[in-house]
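Q: Could you walk me through the holes and the helix packing in this one? I'd like plain answers.

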Amino acid sequence: MAAEQQVRLGADGAGARAASAISAAFQRGRPALIVYLMAGYPDPPTSLTSLVAAAEGGADLIELGVPYGDPVADGPVIADAARVACAREGGFGLTETIDLAAKLRSALGAGAPPIVLMTYLNPLMRLGLAAAAERMRGAGIAGVIVPDMPVEAARPWLAASHGLDTVFLAAPTSTPERLQALAKASSGFVYCVSTLGVTGERDRLADGVRELVARLRAVTDLPVAVGFGISTPSQAAEVADLADGVIVGSAVVRRQADPEAVHAFVTALAEAVHGSGSALPSAPQAP
Amino acid sequence: MPGSLLPSAEEAYSSPDAQGFFGPYGGTFVPETVMPALEELARAFEDAQADASFSAELDALLADYVGRPSPLYQADRLASEVGLGTVWLKREDLNPPGAPTIINTIGQCLPAKRMGKRRVIAETGAGQHGVATATTAALMGLECSIFMGTEDIRRQALNVYKMRLLGAEVVPISDGTGTLADAVTAALRHWVERVEDTFYVLGSAVGPHPYPLIVRHFQKVIGEEAIAQLRAKGADMPDAVVACVGGGSNAIGIFYPFLRDVPADRRPLLVGAEAAGLGLETDKHGAALTKGTPGVLHGFYSYLLQDEAGNPKEAYSISAGLDYPGVGPEHSYLKDTGLVRYEAVTDREALDAFALLARTEGIIPAIESAHALAMLPRLAAELGPEASVLVNVSGRGDKDMDIVREAGLGG
Ligand SMILES: Cc1ncc(COP(=O)(O)O)c(C=O)c1O
């Protein structure tokens, strides 16, 4: 199978690949804002309007959640949204989410931010890994995040998914060997999970974030984005000071039934994230 | 093991592989956060197996605290009632908390203590595993929280009360149908959060590697004892061995020694009984092996009741312990290889078998175990009136009094 040759776990892995749409989103000379929304929630048309609002509010990358019945890595806000979306007449799952992504891209035209799907593994397996990858490429999706696919379980997907980035998650508990392996297998960026536990808003940033970002930087040149628990513009700014990207999920999904609220919130997040920065400022400094 | 029972090299049954795969089934599909804990668990388990003081401690507890071996009883009145020559009952209903999962909870909590964990969590459906975990936590001075669906809390109230008496916290889970699958998900979520100080005592032969292997390792004493007891009684190898299958721990516990130690030409027919609930033609059942397709749930790849989009479907059974949309990965492998045959038993058939055992032998089984007993008339029809069948009676029925009364038994 031709795809076999594309297995990217070797030493000459992701780093050697041509820059993807996802890495481009991190190369604007400022930290990137990554906004998570749940496809199909509270209903398909509203989710599309909210996605457009998030893009127009200043999201550099859209992380599009696939509704799934057993979202083991997700807290109550995202899990409830998934349940509502799944329960629709006729169901709303991976194929509908991919179609929604295609609609989003045509609604936004050339300036559309890249879309990365956040899906659990079983919907991919149910559709068939190769068929799922094909359909994603057809819809212009840039990559995937699969929270229940640790790096050692990823070989079949990596073999089937050429042309798509696969973002692995790093956790505060990851050992040095694991960080190295998952960073090597990642493409696009590495997702730094800020805290133990599931997705959801938290009052303050976890203590270990800075350390985990530093440990990742030591093993990869890929951009590092931090997610889980970031709920306010000021927390987002704090994270933007130390990472290449800031991922906000539950706090957006909570507003997702109201596209105007999504627009206002994402605008505030974008100001906070783009205005701070560990990355170099885009305007040249006066000498 | 006695010489005649030793397998030849090519017959040796040697699953899983180092990554925890039984053929294509099993594996480790969990968030990165808990991967290091699973690696640590695999190492601790290996260390414990290599350590003679661990097995001495375990064996002493199994003998003096649990009271093993459990009896092997020849149930002649039941045999003649169902039309078989001999019925052997492996009396796992006589374990102190009412089911053999106490072997597994002691087996897991000993290394947990050695790993320095002071707190254990577990999921439970019927409440048996919850009671066994709470019992073991009390025995070893560990803090204990049990995750249980609200529907199961309702239908297994006696066990909930026991867990609280034993000092455990019972965390009600109202997600989904409020049954076993929801409790597993909640326990996994909680574990992701508290992985640093908490040990997850998984209750069945399910979950990510190395859990199915660990659970089998401890539960296999059931089959080992049965083989030794049959020999001691001078009995022939039975024609069939039957166990009920929810996640599959009691079944693998009795099957595995027959797979590992008995050559194929002398091996009994091995039969697993799943829950057919209100009937396989309805969508109210828990028959993952009979009606499911392979997929990933709760960290492993196995037969699964799932919809077109890959969402797990709701299972149903009168028995909370068989009310689960998946099944342990080793059973999927045993089904595909034909080494074990799986059939499904309805609520009604299980209730009839429950009543029959009570009346003919004075033994009140768990409603889960009644699914295995319900296979006896079918096996009599298939194997004839001389045949002998060994049944794993995986638990006792105290917890099921309300359920069987509601269903009209004992009128
Ligand atoms: C008495 C009894 N038997 C069987 C089961 C099913 O579990 P397993 O298939 O893991 O043995 C349960 C589960 O709670 C139980 O309580």
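Q: Anything to know before we start?

A: The model is predicted, so to speak of local features pLDDT must be at least 70, and side-chain atom pairs count only at pLDDT 80 or more, while totals for chains, interfaces and linings use all residues. Residues are numbered from 1 along each chain as its sequence is written, chains are lettered from A and ligands numbered from 1 in the order in which they are written, and side-chain values use heavy atoms, with hydrogens and water left out.

Q: OK, how many cavities of 30 Å³ or more does the structure hold?

A: The structure holds 10 of them. On a 1 Å grid over the protein atoms alone, a cavity is a set of points where a 1.4 Å probe fits but cannot get out; a pocket is an open set with protein on both sides within 12 Å along at least five of seven lines; lining residues have an atom within 4 Å of a point.

Q: What volume does the largest cavity have?

A: About 450 Å³. Volume here is the space filled by probe spheres set on the points, with grid points joined across faces, edges and corners.

Q: And which residues lie nearest the centre of the largest cavity?

A: Gln128(B), Gly203(B), Ser204(B), Ser249(B) and Gly321(B), out of 32 lining residues. Strand E5 (119–124), helix H5 (128–140), helix H8 (180–194) and helix H11 (249–261) of chain B each supply at least two lining residues. Helices (H or I, at least four residues) and strands (E, at least two) are DSSP runs, numbered from the N terminus.

Q: What's the lining of the largest cavity like by class?

A: 12 nonpolar, 17 polar and 3 charged residues. Ala, Val, Leu, Ile, Met, Phe, Trp, Tyr, Cys and Pro count as nonpolar, Asp, Glu, Lys and Arg as charged, and the others, Gly among them, as polar.

Q: Pockets next. What about the largest pocket?

A: The largest pocket has a volume of about 1100 Å³. Its lining has 49 residues, and Thr177(B), Pro312(B), Lys313(B), Glu314(B) and Ala315(B) lie nearest the centre. Two or more lining residues come from each of helix H3 (76–86) of chain A and, in chain B, helix H6 (150–155), H8, strand E11 (293–297) and helix H17 (401–406). By class, the lining of the largest pocket has 18 nonpolar, 13 polar and 18 charged residues.

Q: And the second largest pocket?

A: Its volume is about 470 Å³. There are 21 lining residues, and the closest to the centre are Glu152(A), Ala153(A), Gln19(B), Phe21(B) and Thr28(B). H1(B) gives the most to this lining, with 4 residues. The lining of the second largest pocket has 14 nonpolar, 4 polar and 3 charged residues.

Q: Since H1(B) came up, at what angle does H1(B) pack with H9(B)?

A: About 25°, with the axes 11 Å apart; helix H9 of chain B is residues 211–219. Axes are lines fitted to C-alpha atoms, for helices over the stretch in contact, and angles run from 0 to 180 degrees between N-to-C directions. H1(B) and H9(B) are therefore roughly parallel. Angles under 35 degrees count as roughly parallel, over 145 as roughly antiparallel, 65 to 115 as roughly perpendicular and the rest as oblique.

Q: Which residues of H1(B) and H9(B) meet?

A: Leu38(B), Leu41(B), Phe45(B) and Gln49(B) in H1(B) meet Tyr211(B), Leu213(B), Ile214(B), His217(B) and Phe218(B) in H9(B); contact means heavy atoms within 4.5 Å. By class, that contact has 7 nonpolar, 2 polar and no charged residues.

Q: Over to chain A. How do H2(A) and H4(A) cross?

A: At roughly 50°, with the axes coming within 10 Å; H4 of chain A is residues 94–108. That makes H2(A) oblique to H4(A).

Q: Which way does H4(A) lie against H6(A), roughly parallel or roughly antiparallel?

A: The axes of H4(A) and helix H6 (residues 129–139) of chain A come within 9 Å and cross at roughly 15°. That makes H4(A) roughly parallel to H6(A). By class, the contact of H4(A) with H6(A) has 6 nonpolar, 1 polar and 3 charged residues.
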